Amino acid sequence: MKKLFLIAVPVIIAVLFSCKESIDEKVTKTPAKFEVAKVSHSLLDEDISVQDIKRQVGRNVTTSFLNKKGVSIYPDRGKNNYYGVYYFTSDNEGDRGVIGALVVYDSVNPYVYDKLTDEFTEICLFEKGISLYNNKVSIGMPVKDVINYMGEDYIKLGDSLLCYNQTDKKAFFKIKDSLVAALRIGVYREGVVIDSIINKKLGY
């Protein structure tokens with residue numbers, strides 16, 4: 001296993017769901033406007049594989065750790081809050097921009113990338129290149145497929161953000177022209193308010 005030393009990431013990543021957008025609007029339950037099949041099971045009930053994400057991005061990754069403030073929305077792990085973040089870049093030689101970020105927890109080997117002890121905490125995607133749940137969820141997918149896979153039990157924030165709000169898991173899909181333009185799925189601290197997740201910048 002090859003250790004990756006902590007790399008300072010001098011990249012300021014745009015806020016996933018529009019850093020200037022206000023979420024002070026009243027949150028209302030909005031019925032789906034698409035013809036979708038009724039589902040009794042949501043993909044949000046399933047686990048996201050950290051190893052599958054790593055296989056997709058290969059070595060196009062930089063790593064860092066989250067400070068105390070940065071982990072405030074995630075479950076409290078006690079003394080050893082080893083929350084790390086992986087920033088993924090595109091495979092395209094002409095475009096090395098960041099396409100997503102993965103937050104993991106590891107109390108065993110927090111300084112090692114090639115390991116099996118990472119526990120999924122949060123994934124943020126805002127460019128094509130990584131898929132989730134066995135290729136079912138990705139940037140660019142139609143919103144009707146989101147509802148088919150994730151269920152109709154969502155709330156709508158503003159004009160473009162769908163939010164699935166379970167007890168500890170939450171998923172956010174930003175929709176543009178009926179397609180997913182960005183997404184954020186994670187496991188969060190009990191009682192955390194949705195606003196604090198949406199307003200959290202990806203640069204941590």
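Biologist: How do I read C124: buried or exposed?

Modeller: Buried means under 20% relative accessible area, exposed over 50%, and partly exposed in between (1.4 Å probe, protein chains only). C124 is buried, with a relative accessible area of 0%. C163 is buried too, at 1%. This is a predicted model: local features need pLDDT of at least 70, side-chain atom pairs count only at pLDDT 80 or more, and totals for chains, interfaces and linings use all residues. Residues are numbered from 1 along each chain as its sequence is written, and side-chain values use heavy atoms, leaving out hydrogens and water.

Biologist: How many disulfides does the structure hold?

Modeller: A disulfide is a pair of cysteine sulfur atoms within 2.5 Å. The structure holds zero.

Biologist: Which residue is the bridge partner of C124 in strand 10?

Modeller: Strands (E, at least two residues) and helices (H or I, at least four) are DSSP runs, numbered from the N terminus. Two strands pair if DSSP finds at least two bridges between them. Strand 4 (residues 119-125) and strand 10 run antiparallel, joined by four bridges. The partner of C124 is R184.

Biologist: What does the side chain of R184 contact?

Modeller: A polar contact is a pair of N or O atoms within 3.5 Å; within protein, one must be able to donate a hydrogen and the other to accept it, and residues adjacent in sequence count only if both atoms are side-chain atoms. The R184 side chain makes one with the side chain of E122, at 2.8 Å. R184 is buried, at 0%.

Biologist: Why is strand 10 called largely enclosed?

Modeller: Strand 10 spans residues 179-187, and seven of its nine residues are buried, so the rest of the structure largely encloses it. Strand 9 (residues 169-176) runs antiparallel to strand 10, with eight bridges. K176 stands opposite L179.

Biologist: Where do the buried residues of helix 2 lie?

Modeller: An α-helix has 3.6 residues a turn, so residues three or four places apart point the same way. In helix 2 (residues 143-150), the buried residues are V143, V146, I147 and M150. They fall within an arc of 95 degrees, so they line one face of the helix. The arc is that of the directions from the helix axis to the C-beta atoms. These residues pack (contact means heavy atoms within 4.5 Å) against strand 8 (161-165), strand 9 and strand 10.
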